[in-house]
Amino acid sequence: MSQCFYPQVKPFIQYLQFEKRYSQHTIVSYQTDLDQFFAFLASQYDSPSLSAITPGFVRSWLAEMRNDDMTPKSLNRKISSLKSFFKYQIKVGEVKQSPMTTIVSPKVGKRLPSFVSENDMNTLQQYVEFPDTWKGQTDKLLLNLFYATGMRLSELIGLKESQLDVANGQVKVLGKGNKERIIPVSKVLANQLASYINNKKQSSSNLSFPNLFVNEKGKPLYPKYVYNVVKANLSLVTTLQKKSPHVLRHTFATHLTNNGADLNAVKELLGHSSLAATQIYTHNTIEKLKDVYKKAHPKA
């Protein structure tokens, strides 16, 4: 809808796609937020020109969504989308100033990331049985790789055979914004992955995809499949409400910080662009220390 009224949206979306190299999921989110905002302007203010959009128009849109019980986190995402959009419009000379400069983002309560305990992860790796089939091999390996590297779901699905370096015990991961990072893996896991690749080549002559993980038909795994594998297997060892690949990413980071890993190193391993995103894992460490203190100190 927005593109009917505001042709400036299309080049912005293309900029996100081709220059910023954002994921398809992120681009769809931006498009949706802008569509909603410009549809609101069309219905309430008769589609003013970009330079005529005021902070008041933006606030009235945010107020309408707040009345619909939208969460602060979702509101912040929409504010962020508009800020990026108008920043780009200044860059290309469509507007001289942004109506977003006086818009204040609502505070979001910090929620500690959910993670699986070390005991429960040990149970999953040592005692959960996987069938001796291609699916069984794939499921076990992808769970181990998530926990060993903390990589994102999209990174694991997109992982190519060429990104595994068995000799040096590491994988090269292509993260957000096409940023590369190197993550070490144990010799055992590196050899298991190499064996998996070898088995794949022997069992199928029709390997047209370079992806490391494939299904029985030799096709790359899709997100819902991987999500379901993680959920089903975590359900066997933990009562956590959330059981997703991202929980395994949180688990990787929390176990590292709990065992004394340097926060900057964890930041690099996770592929975070700033330390602020990584610092949330120190809260889990502090909670663990409090728990130890309460159990061990005679005056606690």
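**View 1. S47, a partly exposed residue in the loop between α3 and α4 of the predicted model.** In this predicted model, S47 is partly exposed because its relative accessible area is 24%, a value that falls between the 20% under which a residue is called buried and the 50% over which a residue is called exposed. S47 is found in the loop that runs between helices α3 and α4. The backbone of S47 has a positive phi of about 50 degrees, although S47 is not a glycine.

**View 2. D46, an exposed residue in the loop between α3 and α4.** D46 lies in the loop between α3 and α4, the latter helix covering residues 55-67. With a relative accessibility of 67%, D46 counts as exposed, since the cut-off for that word is over 50%.

**View 3. The crossing of helix α3 with helix α5.** Two packed helices are described by the angle between their axes together with the distance between those axes. Here the axes of α3 (residues 24-45) and α5 (residues 72-91) come within 9 Å and cross at roughly 90 degrees, which makes α3 roughly perpendicular to α5. On the side of α3, the residues that take part in the contact are S29, Y30, D33, L34, Q36, F37 and F38, and they meet R77, K78, S81, L82, S84, F85 and F86 of α5. Sorted by class, this contact of α3 with α5 has seven nonpolar, four polar and three charged residues.

**View 4. K267, a buried lysine in helix α12.** K267 is found in helix α12, which covers residues 263-270. Its relative accessible area is 14%, so K267 is buried, the cut-off for that word being under 20%. When its neighbours within four places in sequence are left aside, K267 is in contact with H272, S273, S274, L275 and T278.

View 5. Of the 300 residues in the chain, 40% are buried. The accessible surface comes to about 17,200 Å², and 52% of that surface belongs to carbon and sulfur atoms. Among contacts between residues at least 6 apart in sequence, 58% join residues at least 24 apart.

Terms used
Residues are numbered from 1 along each chain as its sequence is written. This is a predicted model: local features need pLDDT of at least 70, side-chain atom pairs count only at pLDDT 80 or more; totals for chains, interfaces and linings use all residues. Side-chain values use heavy atoms; hydrogens and water are left out. Helices (H or I, at least four residues) and strands (E, at least two) are DSSP runs, numbered from the N terminus. Buried means under 20% relative accessible area, exposed over 50%, partly exposed in between (1.4 Å probe, protein chains only). Contact means heavy atoms within 4.5 Å. Axes are lines fitted to C-alpha atoms, for helices over the stretch in contact, and angles run from 0 to 180 degrees between N-to-C directions. Angles under 35 degrees count as roughly parallel, over 145 as roughly antiparallel, 65 to 115 as roughly perpendicular and the rest as oblique. Ala, Val, Leu, Ile, Met, Phe, Trp, Tyr, Cys and Pro count as nonpolar, Asp, Glu, Lys and Arg as charged, and the others, Gly among them, as polar. Accessible areas come from the Shrake-Rupley method with a 1.4 Å probe; for residues, only the protein chains shown count as cover.
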